[in-house]
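Have a look at the model first, then go through the notes below.

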Amino acid sequence: MAPCSGFGLDALFPDGLTSLHDGVEVPLGTGLEMVRLMLRDAGVWCRLEVADVFAVHVGWDQYLYVGSDRPCEEAVTRTAALGLFAERCEASPYAVEEEEDGHVQVPADDEFWARVHRAVAGGEAGLLEETFVAGAERWHRLTPETVDAVRAGLVPRACLALWPDLSTDVTAVLAGLPADGLVEGVWQEPDGRIRNAVVDESGFAELAVRMSAATAATLLSVYADERVPLLTAVLPDGDGVVRARWRS
């Protein structure tokens, strides 16, 4: 099946992809449609889970892994009646494994936002990257007057990264394109919207054209050892606990 626009989620989330985030609760019908999209390899991939109760994972090879805290003999029987083969296994290979590397997840709490305020006021920072699902993010340009408004509009459980501000010398930014490799261009359109694109050397010319009318821009490396923001954090839930599983 050909990939669907909007990862196949446009009809399921009319408010846009920002309606989808780690921990969001979806109706049963929506969950079933998401499983169908994954089985058809239409673009979306996620884990559907109720912690310690039920889980549905779809593998890259379209194997379906269903986990439950209770026996599912009737479901196994109905599956066999449909001509499908169900095999018992100890755990899904797509279950999240906790990393024991001493890493402490930083919460985007009041202390974090105080640091953001200081960095923006001091001219060290001016751009916030908000990743709400893997492969999808929003960018926000910050000023001392807009930090609180941006904070209030973030998607729950998002992973945040604070960067230096965009440069108004777009010509100099474009002159910094490397000879090859991958880069991410981030730029602000004349109407204020912030765009981004990840390209390799085959797309540098097109990227330069897209960024040429920008009012401000920057280039960021996409390689993990070179992509080092000023600050990172993860939005906690309302009780202050970080439950999202981002590795900031």
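Buried means under 20% relative accessible area, exposed means over 50%, and partly exposed is what falls in between (1.4 Å probe, protein chains only). Keep in mind that this is a predicted model: local features need pLDDT of at least 70, side-chain atom pairs count only at pLDDT 80 or more, and totals for chains, interfaces and linings use all residues. Residues are numbered from 1 along each chain as its sequence is written, and side-chain values use heavy atoms, with hydrogens and water left out.

**Aromatic pairs**

- There are three aromatic pairs in the structure; rings of Phe, Tyr and Trp (its six-membered ring) pair if their centres lie within 6.5 Å, and planes under 30 degrees apart count as stacked, over 60 as edge-to-face and the rest as tilted.
- Y65 and Y94 make a tilted pair, with 5.9 Å centre to centre and 55° between the planes.
- That pair links distant parts of the chain, 29 residues apart: Y65 sits in strand β3 (residues 64-68), Y94 in the loop between α2 (73-81) and α3 (110-121).
- Both Y65 and Y94 are buried.
- F112 and W113 pair up edge-to-face, at 5.2 Å centre to centre and 80° between the planes.
- F112 counts as buried because its relative accessibility is 4%, and W113 does so at 2%.
- Ring pairs also join W45, Y65 and Y94 into a cluster.

**The loop at G135**

- Helices (H or I, at least four residues) and strands (E, at least two) are DSSP runs, numbered from the N terminus.
- G135 lies in the loop between β4 (127-133) and β5 (136-141).
- With a relative accessible area of 67%, G135 is exposed.
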